[in-house]
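Please open the model in your viewer and keep the selection tool at hand.

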Amino acid sequence: MRATTYSLGMIETLGLPALIAAADAAAKAADVKVVSYEGADAGIVTVYVIGDVSSVQAAVDAGADAARRVGRLLHSHVIPRPDENVPRMLKNLLKPEVKEEVKAEPAKAPVSELQDQSISDLRKMARSYADFPLTTNEINMAKKEDLIRLLEEKQGGGDKA
């Protein structure tokens with residue numbers, strides 16, 4: 001197995017405000033790229049950064065400090081030169097645009113039922129459209145009302161003002 005040429009840093013927080021503060025501090029502290037974030041149940045979210053070993057370590061340290069100040073830091077960790085299979089396991093972390101190109105037929109729900117859908121289901125539905133007007137990150141941050149409006153427009157029921 002081959003190792004990658006970069007390092008992977010992870011900062012896990014409880015709640016989005018702490019995660020955003022951590023990502024901001026990490027990006028400002030060193031020459032790293034914030035590549036993605038991922039949510040789990042109960043408000044647990046993780047942000048991923050990549051760069052050289054020392055930059056990622058400095059960024060993760062700064063991000064962890066910011067997360068502690070703003071909210072609750074759960075864990076932080078740096079993997080220097082992770083095996084090439086690690087990023088693949090993390091859902092093509094470095095190449096999310098490839099994942100979007102291989103989309104199946106968009107999932108549709110009757111417009112009247114969109115209000116009854118959970119925000120998670122609405123986001124999945126929005127991501128199923130190759131030409132949805134929001135990026136994946138914007139979908140992840142969008143409010144339920146905005147997603148419903150845009151999904152209604154995509155499904156042909158968008159004549160509401």
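Select Thr46 and display its surroundings: leaving aside residues up to four places away in sequence, Thr46 touches Met10, Ile11, Glu12, Leu19, Ser36, Tyr37 and Glu38, where contact means heavy atoms within 4.5 Å. This is a predicted model, in which local features need pLDDT of at least 70 and side-chain atom pairs count only at pLDDT 80 or more, while totals for chains, interfaces and linings use all residues. Residues are numbered from 1 along each chain as its sequence is written, and side-chain values use heavy atoms, with hydrogens and water left out.

Thr46 lies in strand S3, residues 44-51; strands (E, at least two residues) and helices (H or I, at least four) are DSSP runs, numbered from the N terminus. Is Thr46 buried or exposed? Thr46 counts as buried because its relative accessibility is 11%, buried being under 20% relative accessible area with a 1.4 Å probe and protein chains only.

Next, select helix H5, residues 119-127, and colour its buried residues, Leu122, Arg123, Met125 and Ala126. They lie on the same side of H5, because they cover an arc of only 160° around the axis, taken from the directions from the helix axis to the C-beta atoms. Their packing partners are helix H6 (136-141) and helix H7 (144-154).

Finally, show H5 together with H7. H5 passes H7 in a left-handed crossing, meaning that the near helix is turned anticlockwise from the far one by less than a right angle. On the H5 side, select Ile119, Leu122, Arg123, Met125 and Ala126; on the H7 side, select Lys144, Leu147, Ile148 and Leu151, which together make the contact.

Terms used:
Buried means under 20% relative accessible area, exposed over 50%, partly exposed in between (1.4 Å probe, protein chains only).
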